[in-house]
Amino acid sequence: MRTINVNEITKNIKEMCIEANHYLSPDMDKAMKQAEQTEKSPLGKQILGQLQENLKIAAEDMIPICQDTGMAVIFLEIGQDVHFEGGLLEDAVNEGVRQGYVDGYLRKSVVKDPLIRENTKDNTPAILHTKIVAGDKVKIKVAPKGFGSENMSRVFMLKPAEGIEGVKEAILTAVKDAGPNACPPMVVGVGIGGTFEKCALMAKEALTREVGTHSDIPYVKEMEEEVLEKINGLGIGPGGLGGTTTALAVNINTYPTHIAGLPVGVNICCHVNRHAIREI
């Protein structure tokens with residue numbers, strides 16, 4: 001049994017909120033540079049260059065990458081041999097987000113009630129997802145999610161007979177409907193299977209997978225590659241102004257489902273796809 005004081009969780013989440021909002025992750029940096037090289041539209045290539053200049057200034061001057069510093073989404077993979085002490089884990093997570101957004105001078109975008117709309121003034125509470133895994137480590141993923149792209153996300157409850165072609169069409173429909181509103185080039189997270197809420201959760205977590213990597217399931221890998229090619233053939237392009245780079249990646253997660261259903265979640269993220277990952 002390994003004991004971890006929850007203050008360690010708070011400290012790391014504070015740092016990760018600031019890190020994710022100021023620095024592009026290495027996989028996204030590589031993908032953006034590659035996209036600029038392969039983009040066929042002169043305007044699209046220019047926009048990709050401008051986006052990278054913005055990212056460079058943000059990192060050098062410690063200015064947020066985007067004015068929408070997002071709602072903090074936290075994934076915790078907790079080893080079952082870990083014991084937390086010093087307080088409640090969820091309180092520690094929210095304290096880390098509070099410190100990160102207040103001390104890091106990040107925009108506070110969370111409202112206390114979805115209809116009354118009073119700002120909480122510290123960007124809490126976070127959206128927390130926990131999973132118990134083997135071992136005595138804790139893996140933390142912090143993914144601040146802006147709502148320009150979040151608002152473009154969809155859940156499709158398909159009939160099983162619609163099959164793989166129906167799934168592909170659902171993903172393309174979500175991207176077409178998003179158009180320029182999701183700040184392309186985008187990263188498209190997809191969850192297939194499970195239930196209504198499970199497919200959406202898988203789609204969200206798929207956004208934290210390293211861009212350029214693929215599913216271990218051969219047919220899923222093929223679908224990721226095929227759908228990415230089709231998305232980039234839509235012509236939406238960087239900034240929605242046309243081009244051959246509408247998406248940088250399509251990441252698909254799958255899970256068993258009921259004989260009567262085929263749930264598909266599509267969670268779209270903008271070109272920065274902010275995330276930070278640590279293991280303690």
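Let's start with Glu225, which forms a salt bridge with Lys221, their closest N and O atoms sitting 2.9 Å apart. Both residues belong to helix H8 (residues 218-232), and their spacing of 4 residues is about one turn of the helix. Glu225 is partly exposed, with a relative accessible area of 36%, and Lys221 is also partly exposed, at 33%. Elsewhere, salt bridges with shared partners link Lys11, Glu15, Glu19 and Arg278 into one network.

Keep in mind as you read that this is a predicted model.

The structure holds 18 salt bridges in total.

Lys56 has 45% relative accessibility, so it counts as partly exposed. Glu60 reaches 53%, and because the cut-off for exposed is over 50%, Glu60 counts as exposed.

Asp68 and Arg107 meet through their side chains in a salt bridge, at 3.5 Å from N to O. Asp68 lies in the loop between H3 and strand S2 (71-79), while Arg107 lies in the loop between helix H4 (89-103) and strand S4 (127-133), so this pair ties together parts that are 39 residues apart in sequence. What about cover? Asp68 is buried, with a relative accessible area of 12%, whereas Arg107 is partly exposed at 38%.

## How the helices pack

When two helices pack, the angle between their axes and the distance between the axes describe the arrangement. Take helix H2 (residues 26-38) and helix H3 (residues 42-61): their axes are 8 Å apart and meet at an angle of about 155°. The cut-off for roughly antiparallel is over 145 degrees, so H2 and H3 run roughly antiparallel to each other. The crossing of H2 past H3 is left-handed.

The C-alpha atoms of Asp29 and Gln52 are 8.4 Å apart, although 23 residues separate the two along the chain.

The other pair to look at is helix H6 (residues 163-178) with H8, packed at an angle of about 40° with 11 Å between their axes. H6 and H8 are therefore oblique to each other. H6 passes H8 in a right-handed crossing.

Most peptide bonds are trans, and most residues other than glycine have a negative phi.

Thr124 and Pro125 are joined by a cis peptide bond, with omega at about 0°. Pro125 sits in the loop between H4 and S4. Another cis bond runs from Pro184 to Pro185, with omega near 10°. Pro185 lies in the loop between H6 and strand S7 (186-194).

Cys183 is found in that loop between H6 and S7 too. Cys183 is not a glycine, yet it has a positive phi of about 55°. It is partly exposed, with a relative accessible area of 41%. Asn273 is another non-glycine residue with a positive phi, about 40°. You'll find Asn273 in the loop between strand S9 (262-269) and strand S10 (276-279). Is Asn273 buried or exposed? With a relative accessible area of 2%, Asn273 is buried.

## A nonpolar patch on the surface

Which residues form a nonpolar patch on the surface? They are Val155, Met157 and Phe196, and together they have about 300 Å² of accessible area.

Phe196 has its place in helix H7 (residues 196-206). At 54% relative accessibility, Phe196 counts as exposed.

How values were computed: Residues are numbered from 1 along each chain as its sequence is written. This is a predicted model: local features need pLDDT of at least 70, side-chain atom pairs count only at pLDDT 80 or more; totals for chains, interfaces and linings use all residues. Side-chain values use heavy atoms; hydrogens and water are left out. Patches are made of residues with over 30% relative accessible area and no salt bridge: like charges are joined within 9 Å, nonpolar side chains (Val, Leu, Ile, Met, Phe, Trp, Tyr) within 5 Å. Accessible areas come from the Shrake-Rupley method with a 1.4 Å probe; for residues, only the protein chains shown count as cover. A salt bridge is a side-chain nitrogen of Lys or Arg within 4 Å of a carboxyl oxygen of Asp or Glu. Helices (H or I, at least four residues) and strands (E, at least two) are DSSP runs, numbered from the N terminus. Buried means under 20% relative accessible area, exposed over 50%, partly exposed in between (1.4 Å probe, protein chains only). Axes are lines fitted to C-alpha atoms, for helices over the stretch in contact, and angles run from 0 to 180 degrees between N-to-C directions. Angles under 35 degrees count as roughly parallel, over 145 as roughly antiparallel, 65 to 115 as roughly perpendicular and the rest as oblique. A crossing is left-handed if the near helix is turned anticlockwise from the far one by less than a right angle, and right-handed if clockwise.
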